[in-house]
Amino acid sequence: MLVPISWIKDFVDIDVPVELLAERLTLAGLEVAHIQYIGVPQQTVEGIRYPQSDHLVWDREKILLGAVREVKPHPDADRLVLALVDYGGDELEQCVTGAPNLFQFSGKGELNPPIWTPLALEGAEVWDGHSDEPKRMTLKGKKLRGIYNKSMVCSEKELGISDEHEGILLLEHSDNYIPGTPLQDVLGDVVLDIELTPNLARCFSMLGVAREVAALLDKTLRYPSYDYLAEGESIIGQADIDIREPELNPRFTLALLKDTEIQPSPGWMQRRLKLVGQRPINNIVDITNYVMFELGQPLHAYDYDVLVQR
């Protein structure tokens with residue numbers, strides 16, 4: 001099971017190196033077979049040896065959180081635009097880019113709120129997004145269709161997050177974002193690949209693993225809130241449950257959602273699902289998977305219009 005440390009930290013404070021935590025989990029019976037690093041450096045802990053990772057470490061000075069303030073047309077290329085990016089410097093950084101998901105903003109003037117995206121400055125090392133084979137590259141200034149360019153707004157592939165390179169990584173707006181924040185502090189993560197045996201079913205969720213971590217580190221476990229708001233008329237007569245083998249499934253509950261709009265899930269949810277190996281589908285499918293991975297409670301969403309009528 002893939003376990004992102006950032007998700008576990010929702011429930012328990014972790015104040016030891018991830019490598020030490022992985023060792024303690026393994027000795028407790030939750031074998032950590034592999035550690036995946038996303039943008040952050042691997043740490044060395046005396047007496048603990050995990051294979052040296054060759055992942056890309058995001059330079060804290062050169063790979064930053066950027067705020068695109070304006071997108072302008074390129075004066076000499078229809079397939080390129082100029083992104084003016086605030087990275088906390090004295091002036092906006094101009095990036096020449098062909099990212100298709102920026103074209104809709106071209107010529108719209110100042111963007112408010114801005115578009116948040118990773119920015120790599122000159123000298124930063126990234127993955128070559130146009131190479132079929134894994135290959136690193138160091139950004140160097142050069143002219144692109146007559147305009148000098150020395151930085152890059154980045155895709156997931158260029159950052160080593162995934163193979164996606166259809167456009168740059170666009171983050172949802174947050175009032176807590178500050179231009180120029182090291183990207184490590186925004187998207188950096190570590191994912192533990194834990195090989196769980198059937199007798200450890202209590203650990204088949206983020207909360208379950210967090211419970212073990214809290215015990216191993218002598219920390220307080222923070223349980224999520226289970227409060228919810230149920231409004232509207234009773235659904236008695238609108239849906240019915242028929243449990244035919246109660247010895248296998250003694251309890252099945254349901255709720256009915258009306259006027260629900262199917263759309264993409266929030267970016268933060270999509271990122272977490274990707275970290276645990278799931279492909280985001282839409283808000284309804286994703287929330288059922290999210291709750292299952294977080295709490296260990298299986299869920300399923302049904303289309304009311306196609307349920308069997310009796």
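Student: What makes strand β1 (residues 2-4) and β12 a pair, and in which sense do they pair?
Tutor: β1 and β12 are joined by 3 bridges in the antiparallel sense. Two strands pair if DSSP finds at least two bridges between them, so 3 bridges are enough for β1 and β12. The model is predicted: local features need pLDDT of at least 70, side-chain atom pairs count only at pLDDT 80 or more, and totals for chains, interfaces and linings use all residues. Residues are numbered from 1 along each chain as its sequence is written, and side-chain values use heavy atoms, with hydrogens and water left out.

Student: Which residues of β12 are the bridge partners of P4 and V3?
Tutor: P4 has V191 as its bridge partner, and V3 has L192. Strands here are DSSP runs of E with at least two residues, and helices are runs of H or I with at least four, both numbered from the N terminus.

Student: How do you know that strand β2 (residues 31-38) pairs with β12?
Tutor: β2 and β12 share 7 bridges and run antiparallel. That count passes the cut-off for pairing, so β2 is a partner of β12. In this pair, E31 stands opposite E195.

Student: Why are β1 and β2 described as standing at the edges?
Tutor: The order of the open, antiparallel sheet of 3 strands is β1-β12-β2. β1 and β2 each have a single partner strand, so one side of each lacks a neighbour in the sheet. From one strand to the next, the twist averages 25°.

Student: Why is strand β12 (residues 189-195) called mostly covered?
Tutor: In β12, 5 of the 7 residues are buried. Buried means under 20% relative accessible area, exposed over 50%, and partly exposed in between (1.4 Å probe, protein chains only).

Student: Why is N289 called buried?
Tutor: The relative accessible area of N289 is 18%. This value is under 20%, so N289 is buried. N289 lies in helix α7 and, leaving aside neighbours within four places in sequence, is in contact (heavy atoms within 4.5 Å) with L273 and Q278.

Student: What makes α6 oblique to α7?
Tutor: The axes of α6 (residues 267-275) and α7 (residues 283-295) come within 10 Å and cross at roughly 55°. Angles under 35 degrees count as roughly parallel, over 145 as roughly antiparallel, 65 to 115 as roughly perpendicular and the rest as oblique, so α6 is oblique to α7. Axes are lines fitted to C-alpha atoms, for helices over the stretch in contact, with angles from 0 to 180 degrees between N-to-C directions.

Student: Which residues of α6 and α7 meet?
Tutor: W268, M269, R272 and L273 of α6 meet D286, I287, N289 and Y290 of α7.
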